[in-house]
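Okay, thanks for coming, everyone. Let me put the structure up and walk you through a few spots.

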Amino acid sequence: MHDFDTNTFRQVLGSFPTGVVVITAAGEEGEALAMTVGTFVSVSLDPPLVGFLPSKTSSSWDAIRQSGKRFGVNILCNTQEDVCRAVARRKKDKLEGFDWSPTEHGTPKLSDRIAFLDCETENIYDGGDHDIVVGRVLSLESVPSTLPLLFFRGGYGSFRPGSMAVEAGISGKRLAELDCLRPHIERLSSHLSLEVTAMCRVDEDLLTVASAGGSNRSVRVPRIGRRVPFMPPIGGVFAAFGGPEAESEWLRNVHEEAGGADRETFAEVLQRVRDSGYAFGFGHEAGKAIEVASLAANETEAPEQRRRLNRVIAEAGLSFNTAKIEREEEYEFHSMTAPVFDADGACAFSLTVWGSKAAVRGADVLAVADKLTRTAESCTADLQRAGRKL
Ligand SMILES: Cc1cc2nc3c(=O)[nH]c(=O)nc-3n(C[C@H](O)[C@H](O)[C@H](O)COP(=O)(O)O)c2cc1C
């Protein structure tokens with residue numbers, strides 16, 4: 001029937017990378033039964049079904065099946081190789097030494113995980129020497145800023161995207177241009193060891209359309225796909241380099257709580273941005289406040305979150321593009337942004353370098369400015385070269 005042996009089969013199928021989950025269930029005395037599985041799969045959206053394929057000879061699967069219909073799916077994160085190995089190897093007390101607690105359905109849930117699904121077995125189908133278990137999801141949750149553990153050709157690894165780009169929300173032309181930008185963004189991010197993002201103007205907003213170097217930080221949610229309003233003091237690059245219409249739209253959006261700053265002040269700010277070729281924000285508190293408020297506003301449709309975001313941005317008022325950067329001074333460097341122009345000369349994107357928490361010497365901030373503006377110029381040159389084809 002076939003001309004390969006089991007080893008070849010294993011080896012070739014190992015070329016397909018998978019995530020790793022620990023299937024759990026409560027034993028008779030409430031003890032944790034567990035099994036490491038690489039065959040977890042999402043099956044159906046409506047009804048919500050998932051599946052996994054345990055070996056018919058597995059004693060762990062036998063115990064889980066005997067325990068009843070409930071089972072938990074713990075999707076492991078990239079720091080949990082030890083859990084994966086221990087659960088795959090041990091014959092009993094598989095979760096000993098690892099933190100877990102029972103869910104409301106009694107299923108053991110690991111304290112560390114990237115996601116957890118509480119399930120009930122719906123059907124068990126025959127799959128050769130394995131069973132195909134399909135379960136209905138009763139509840140689920142995930143930890144968005146964590147990365148998953150991956151299994152590939154018998155070894156473990158992690159997922160570390162060079163850069164991520166949005167799928168929707170911008171025109172096909174801008175998406176094609178974004179592909180030209182991504183290698184530049186990745187290079188700059190790895191050179192500076194800082195997160196670099198690209199933004200576009202969409203409707204009344206600024207949308208983060210690509211990001212590099214940010215997702216390997218454990219406690220941050222990627223900025224990708226996030227929208228913020230086009231209003232002072234943010235988005236200054238689009239106002240400074242986007243022509244008179246963009247400038248007056250931005251200045252019209254000056255908020256009443258902009259720390260006493262009026263349109264005239266912000267018009268001067270724009271002149272400074274045009275003169276230097278970049279915009280910047282200093283002040284970790286102001287930066288963090290915008291970050292937290294923008295995350296909240298993007299997670300719900302609630303208008304009060306949006307109003308709060310507008311107020312927080314306005315309050316950051318004059319922490320952007322204020323002083324001349326002195327080489328010997330120290331700054332709380334939050335962000336720095338430069339424009340990228342398309343083949344028609346329109347300001348199509350802005351590139352932003354996001355600072356770390358440390359205080360940074362002015363000379364180093366200026367070095368970032370130099371690298372950022374050079375990168376933005378290379379992006380512009382690429383878009384102009386590609387312009388005829390896009
Ligand atoms: C990364 C990884 C993925 C695995 N995936 C599966 C799987 O999908 N199905 C399965 O039956 N066993 C899988 N195993 C093996 C089981 O975890 C476990 O070693 C096996 O069930 C041990 O046999 P026992 O249950 O009789 O103790 C996997 C092991 C590892 C390390």
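So, first a term: I call two residues in contact if their C-beta atoms, placed from the backbone, lie within 7 Å. And helices (H or I, at least four residues) and strands (E, at least two) are DSSP runs, numbered from the N terminus. Keep in mind this is a predicted model, where local features need pLDDT of at least 70, side-chain atom pairs count only at pLDDT 80 or more, and totals for chains, interfaces and linings use all residues. Residue numbers start from 1 along each chain as its sequence is written.

Which residues of α10 does α4 meet? From α10 we have Val368, Lys371, Leu372, Thr375, Ser378, Cys379, Asp382, Leu383 and Ala386, and facing them in α4 are Glu177, Cys180, Leu181, His184, Leu188, His191 and Leu192.

Now the geometry. The axes (lines fitted to C-alpha atoms over the stretch in contact, with angles from 0 to 180 degrees between N-to-C directions) of α4, residues 172–192, and α10, residues 362–386, come within 9 Å and cross at roughly 160 degrees. That's why α4 counts as roughly antiparallel to α10, the label for angles over 145 degrees.

On the α8 side, the contact includes Ala289 and Ile290, while α9 brings residues including Leu309 and Val312.

Last, the ligand: β3 gives the most to the shell around it, with 3 residues.

Key
Angles under 35 degrees count as roughly parallel, over 145 as roughly antiparallel, 65 to 115 as roughly perpendicular and the rest as oblique.
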